[in-house]
Amino acid sequence: MEAMTKKAFEPQFDLAASRRRANPDAPLLAAARGEKPTRRPVWMMRQAGRSLPEYRQVREGIAMLDSCFMPELLAEITMQPVRRHDADAAILFSDIVVPLKAAGVEIDIVPGRGPVMAEAVRTPEQIAALPEVHREQMEPIAQGISYILEELRDDQVLIGFAGAPFTLASYLVEGGPSKNHETTKALMYSEPETWHELMRALTPTIIRFLQMQLEAGVDAIQLFDSWAGYLTARDYREFVQPYSKQIFDTVRPYGVPMIHFGVGTGELLGDLAVAGPDVLGVDWRVPMDVAAERVNAALADSRLELQQGDQTKALQGNLDPAVLFAGSDAIKRHVSRICAEADNAIDRGLARGHIFNLGHGVLPSTDPDAITRAFEEVHNQ
Ligand code: 1CP
């Protein structure tokens with residue numbers, strides 16, 4: 001059984017390449033590679049979802065996690081913001097807990113709250129009992145991806161994603177969303193071996209979720225370590241970074257851009273970069289040129305990265321989602337400022353390219369017209 005499972009999950013790089021569309025002129029891919037894009041690429045985290053009336057309409061009466069396993073529906077929701085805002089990228093409509101749900105873990109997404117576990121996972125016995133996901137359990141998602149790829153223009157890319165081990169573990173250990181992540185940190189500090197066991201248990205499932213998406217043809221991936229900013233750099237390096245690095249190292253041979261993002265990670269930007277992504281997401285608290293300086297300083301210090309011969313990253317970000325509530329003039333001003341800061345970093349050789357995004361996700365009560373204006377403003381830069 002174990003051998004069969006392993007075989008089923010041998011990476012299929014050729015299959016992934018054959019499924020991927022030829023889109024050499026896609027602005028997002030050019031920016032990630034350090035080439036000059038035909039226009040500045042822009043997409044927004046949480047661009048699909050509650051800000052859109054068309055989303056609320058199609059989701060009516062369907063539970064969040066059910067919708068993530070309905071191929072036509074997940075494709076429709078993924079495409080809605082791309083059509084409405086002329087986005088340069090679609091982000092797969094799914095959730096970081098979907099691979100756990102697919103594997104049979106009892107978990108639900110409670111409206112207005114987020115992912116909630118039937119039972120928190122805290123002991124070595126509970127960790128040992130966590131199932132690894134199998135490819136067949138994710139088949140509806142692969143099917144949905146094929147529908148999205150049929151509809152996207154060649155210059156628009158599909159970004160697949162997964163939650164990083166720390167952020168995913170936080171939901172398991174806390175049993176649901178948490179303000180301070182104290183139970184998670186307590187486990188880390190009081191039972192480090194149990195913590196590392198949990199990381200080792202989650203990493204393969206995260207890799208398989210990404211492999212499924214890559215082998216269904218996604219053009220890029222983003223690893224969300226949304227809550228990593230709650231950690232000190234020292235804790236991040238000891239308890240988290242090796243597992244995120246393992247994920248990037250495993251996915252790198254697929255040859256697609258890999259993006260890494262976390263909220264409030266100003267103090268961790270260098271360490272997130274050293275974990276191995278091609279593109280670093282910057283939250284709204286740190287100016288893009290300052291972020292670039294931090295990333296470069298860390299890469300220069302890292303022997304590992306020197307061996308890879310890849311000194312600069314592209315940057316993604318970083319409009320404060322609250323600016324979308326402040327009217328057209330403010331949107332214009334902040335978009336211009338961020339593009340100038342990113343261009344400054346590129347001109348100084350500290351960044352490879354710029355993908356415009358928010359500094360965290362679209363807030364549910366955002367006016368969709370304000371979002372469209374922000375997309376237009378970026379494309380005017
Ligand atoms: O019923 C609903 O509409 C529920 C709201 C919702 C949506 C639309 C949740 C519950 N998840 C999603 C989709 C989702 N989740 C996407 C695809 C949509 C898009 O980006 O356009 C993505 C990329 C995610 C990833 C995700 N889920 C993250 C990482 C991104 C981030 O925001 O930092 C995290 C932390 C989650 C957990 C989660 N799922 C849902 C909520 C409300 C939360 C956060 C809960 C908390 O505060 O801890």
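A pocket is defined on a 1 Å grid over the protein atoms alone as an open set of points with protein on both sides within 12 Å along at least five of seven lines. A molecule sits in a pocket if more than half of its atoms lie within 2 Å of its grid points. The model is predicted: local features need pLDDT of at least 70, side-chain atom pairs count only at pLDDT 80 or more, and totals for chains, interfaces and linings use all residues. Residues are numbered from 1 along each chain as its sequence is written, and side-chain values use heavy atoms, with hydrogens and water left out.

**Exercise 1. Confidence**

State the mean pLDDT of the protein chain.

Solution. The pLDDT is the predictor's confidence in each residue, from 0 to 100. Its mean over the protein chain is 94, and 96% of the residues reach 70 or more. Over residues 1-8, however, the pLDDT is below 50. Where pLDDT is low, the predicted coordinates should not be read in detail.

**Exercise 2. The ligand site**

Describe the surroundings of the ligand.

Solution. Step one concerns the space: the ligand takes up the largest pocket. The ligand is surrounded by 24 residues, and Tyr-55, Asp-95 and Ser-226 are among the closest. Helix 4 (53-59) and strand 3 (114-117) each supply at least two residues of this shell; helices (H or I, at least four residues) and strands (E, at least two) are DSSP runs, numbered from the N terminus.

Step three concerns individual atoms. An oxygen atom of the ligand lies 2.8 Å from a backbone N or O atom of Arg-46, and for a backbone N or O atom of Ala-48 the distance to a ligand oxygen is 2.8 Å. Arg-59 places a polar side-chain atom 2.9 Å from an oxygen atom of the ligand. Taken alone, the ligand exposes 880 Å², of which the protein buries 89% (Shrake-Rupley method, 1.4 Å probe).

**Exercise 3. Backbone geometry**

Which two residues does a cis peptide bond join?

Solution. The cis bond joins Gly-317 and Asn-318, with omega about -10 degrees. Asn-318 belongs to strand 8 (residues 314-319). A further backbone feature is found at Asp-86, which has a positive phi of about 55 degrees although it is not a glycine. Asp-86 is in the loop between helix 6 (71-85) and strand 1 (89-91).

Technical notes: Contact means heavy atoms within 4.5 Å. A residue is near a molecule or strand if one of its heavy atoms lies within 4 Å of it. A polar contact is a pair of N or O atoms within 3.5 Å; within protein, one must be able to donate a hydrogen and the other to accept it, and residues adjacent in sequence count only if both atoms are side-chain atoms. On a 1 Å grid over the protein atoms alone, a cavity is a set of points where a 1.4 Å probe fits but cannot get out, and a pocket is an open set with protein on both sides within 12 Å along at least five of seven lines; lining residues have an atom within 4 Å of a point.
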